[in-house]
Amino acid sequence: MKRYIVLIWLISITLTINADNDYQFIVKGGIGSSSVVGKDADVDALYLAHKIDLSYDWCLSERVSVMPTLGFACKGFNSDRNYLMYYVQMPVIAAYKIPIAQNKKFSFEAGPYIAYGLFSLSGVGVEQINIFKYANRFDFGAVIGINYQFNRTLVGIEYSHALTKLASNVKAYNQVLEIVCGYKF
C-alpha cells in the first residue's frame, strides 16, 4: 500500500509539472496537540503531535491552487498509557488565496487525506505494545487550515479529523490541531 500512495503522489506531481502553470514546492512542519474523540474515546490528556510535509503548490489561477502533499505525521493520545502512532500521510489540499499586500497573502485550505500507519509506540516502563495489532493502520479524514504567507515563508494553523474509526470495535477517531510553518522554493 505504501508503494501505491507514493506512486499516486509521484504521478500527480509529474502531471502537474508538465503543465505550464506557476508552481512551487513547500516544506512545512507542524507541532500541536493530538487526541481521539468519539463515543468510545477514553482519553486522559492531549498528546504532542508533530509532522513534516513536502507539498507541490500547483496554481490554477492567481487565487486558487491544489497541493498534493506527502508527509510523515505523529498522532497520539494518553489513556491508560501513552500511545504514539506514526503515519505516512498524503493530503490533497485545495487552497483559496487572498492577497493583502505585495508578497503577503492569506490562504484558506481544505481537503481529504489518506494515511498509513508505519509503526507505533506505547507502554509504561519497559513493556511496549504495538497498537497497530488492534488499531486500523489506514486513516482517512479531512484537513482544514489557514495560513499567512509573507515572501516565501508561511505560518498557520491546521486541524485534521479522521473519518475512519481508530479500531473496528470502537467509535473513536484521531484529531490533531497544529501550528505550522513552512518555506516555498
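How many of the 185 residues of the protein count as buried? The share is 42%, where buried means under 20% relative accessible area, exposed over 50% and partly exposed in between (1.4 Å probe, protein chains only). This is a predicted model, in which local features need pLDDT of at least 70, side-chain atom pairs count only at pLDDT 80 or more, and totals for chains, interfaces and linings use all residues. Residues are numbered from 1 along each chain as its sequence is written, and side-chain values use heavy atoms, with hydrogens and water left out.

Helices (H or I, at least four residues) and strands (E, at least two) are DSSP runs, numbered from the N terminus.

Side chains of opposite charge can pair when their charged atoms come close. A salt bridge is a side-chain nitrogen of Lys or Arg within 4 Å of a carboxyl oxygen of Asp or Glu; by this rule the protein has 7. One of them joins Glu158 to Lys51, with the closest N and O atoms 2.4 Å apart. Glu158 is in strand β8 (residues 153-162) and Lys51 in strand β2, 107 residues apart. Both residues, Glu158 and Lys51, are buried.

Asp57 forms a salt bridge with Lys97, at 2.8 Å between the closest N and O atoms. Asp57 also pairs with Lys184, at 2.7 Å between the closest N and O atoms. Asp57 lies in strand β2 and Lys184 in strand β9, so this pair ties together parts 127 residues apart in sequence. Asp57 is buried, with a relative accessible area of 1%, and Lys184 is buried at 3%.
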